[in-house]
Amino acid sequence: MIIVRSALVSERKSLEALQWRASLENPGDSEALRANPDAIELPVGQIEGGGVFVAEVDDVVLGFAAILPRDDGDSELDALFVEPAAWRRGIGRALVQRCCQAAAAAGCSFLRVLGNPHAEAFYRSCDFAVVGTQQTRFGVALITQRRVS
């Protein structure tokens, strides 16, 4: 059973390490991340603000997600990472669902994601629609969104 709960500040470094492991499993991300190691940082304030959620199975953290408020009144899925050994077990989907609940509770209409093209199939399977692209320091990213309310 997957349990999704708010992250603790004491988990910050282990969540950043999880993000490294998950990111380096994607061959297209490895070189860019090694060139931009500052890209992996989970701010304490984001955790303290209640915008970071972890997924556990049998008391072991297997993934996390983070959301941020947007200037347009919606929320941004700022991070979604799952331990590579736990991929395709519903953990990412459970985290997306919790983030959608949090966004809806905050009065948002949409949860938006600026994500890697290799994750497009996952986001589409979670009811996100591609609405555009954006250039980032890592290359072209997809802009996707999902209605939450």
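Two strands are said to pair if DSSP finds at least two bridges between them. In this predicted model, strands E4 and E5 meet that description, since they pair in the parallel sense over 3 bridges, and within this arrangement Glu76 stands opposite Arg112 in E5. Strand E5 is largely enclosed by the rest of the structure, because 5 of its 6 residues are buried.

Strand E4 also takes part in the largest pocket, to whose lining it gives the most, with 7 residues. The volume of this pocket is about 1500 Å³, and 48 residues line it, of which Leu80, Phe81, Asn116, His118 and Tyr123 lie nearest its centre. Among the elements that each supply at least two residues of the lining are strand E4 (75-82) and strand E5 (110-115), together with helix H1 (12-24), helix H2 (27-35) and helix H4 (91-105). The lining residues divide by class as follows.

| Class of lining residue | Number in the largest pocket |
|---|---|
| Nonpolar | 27 residues |
| Polar | 13 residues |

Is Glu56 buried or exposed? Its relative accessibility is 12%, and because buried means under 20% relative accessible area, Glu56 counts as buried. The side chains of Glu56 and Arg5 are joined by a polar contact of 3.0 Å.

Technical notes
Residues numbered from 1 in each chain as written. Predicted model: local features only at pLDDT ≥ 70, side-chain atom pairs only at ≥ 80, totals over all residues. Heavy atoms only, no water. 1 Å grid on protein atoms, 1.4 Å probe; cavity = no way out; pocket = protein on both sides within 12 Å on 5 of 7 lines; lining within 4 Å. Points joined across faces, edges and corners; volume = space filled by probe spheres on them. Helix = DSSP H or I, 4+ residues; strand = E, 2+ residues; numbered from the N terminus. Nonpolar A, V, L, I, M, F, W, Y, C, P; charged D, E, K, R; others polar. Buried < 20%, exposed > 50% of the residue type's maximum accessible area, 1.4 Å probe, protein only. Polar contact = N/O pair within 3.5 Å; in protein donor to acceptor, adjacent residues only side chain to side chain.
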